[in-house]
Amino acid sequence: MIDYLIIGSGLAGISFSELALQNNKSILVLDNNSQNSSKIAGGLYNPVILKRFSEVGQATEHLLIMHEFLARLEKKLNDKVDFKTPILRKFFSVEEQNNWFAASDKTNLAPFLSTQLISKKYDSIDFPFGYGEVLQTGYVDTALLLNLYRSYLIKNKLFIEESFDYSLLQEENNGIRYKDIQAKHIIFAEGFGMHANPYFKHLPLDGTKGELLVIKAPKLGLDVIVNASVFILPLGNDLFKIGATYNWESKTDIPTEEGKKELVEKIKELINCDFEIVSHFAGVRPTVKDRRPLVGTSSNHDSVHILNGLGTRGVMLGPAMAKALFENIEYQKPLQRSIDIKRFEKKA
């Protein structure tokens, strides 16, 4: 018998897998590679909601847990995946400048918002009102991280590539059985694939499709992440990731001409140099209407758990939410109500 059978190897799945291994728990990960939102994500981590100049909840704690998690993984996988890079918020008016400085005076935002108005000139991008620098930001190469971690799991015989058949899951007195696998607990970290899960399909997971481009722009010359109507993320070698769109209707990971057109129009409003599209991606983010994760245990099945709904902040939330679920299972540490799936239980 193993401790944990984990379904899904996106950001949620690998966050829980690694935490379990660090605590000397035995695991097995099962995935059919059908959900790609973690792999194609922008991978940005940013403690500030830049549209409203407000703090992401528990940003300081979540960043600390995330950086410790990524540092251990970089050492374990012998590769760099965490790239600390400034995010510059373009100002579109003097009023936005004033709102920025008002926000930077707030105690909870002061560690994250530079009080220096920056007016550095970039050759191919226009900043008439300058920009503000967000501190403690960067991005994770999520595709590299997930591929490296999956290779590690495969090498150590901890990974099975196949679709999960819910009809074969059986509960036993001391855990669950799936085919010839016995485990004390099963963790569903399936992303948008949760809609097929009979244990949790009642939860309000409302996937949001996002599309991104990678462009080649030799004259752009940016060495920072720019946040405006879209983000521009430098990847090196004159390549830049551009994103992202938000589509609440479509639930497929097929790139569309409409998505491409929207991104091209927005990037042309920001930069004044030539570029070519190198690649075009799409994925469905596992978002929730109240913008909170889905963490917890099935009300009717003590060994069946969920780690999902990380939305657009999977890089920042994944390690912290995995820690919360692990400590809830192993040490009965209560989950915060804002993330606990019990918040959706019907009141008697």
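I take contact to mean heavy atoms within 4.5 Å. Helices (H or I, at least four residues) and strands (E, at least two) are DSSP runs, numbered from the N terminus.

I noted that this is a predicted model, where local features need pLDDT of at least 70, side-chain atom pairs count only at pLDDT 80 or more, and totals for chains, interfaces and linings use all residues. Residues are numbered from 1 along each chain as its sequence is written, and side-chain values use heavy atoms, with hydrogens and water left out.

Entry on the sheet. I looked up the strand order and found an open, mixed sheet of seven strands, β8-β7-β15-β16-β17-β14-β18; two strands pair if DSSP finds at least two bridges between them. β8 (131–134) and β18 (276–285) are the edge strands with a single partner each, so one side of each has no neighbour in the sheet. From one strand to the next the twist averages 25°.

I then checked β7 (87–90) and β15 (225–227), which run parallel and are joined by three bridges. Leu88 has Val226 as its bridge partner in β15.

Entry on the helix. I found α6 (257–270) lying across β7, β14 (208–216), β16 (231–236), β17 (239–243) and β18, at about 55° to β14. Axes are lines fitted to C-alpha atoms, for helices over the stretch in contact, and angles run from 0 to 180 degrees between N-to-C directions.

Entry on Asp82. I located Asp82 in strand β6 (82–84). Its relative accessibility is 3%, so Asp82 counts as buried (under 20% relative accessible area, 1.4 Å probe, protein chains only). Leaving aside neighbours within four places in sequence, Asp82 is in contact with residues including Leu70, Glu74 and Tyr139.

How values were computed:
Buried means under 20% relative accessible area, exposed over 50%, partly exposed in between (1.4 Å probe, protein chains only).
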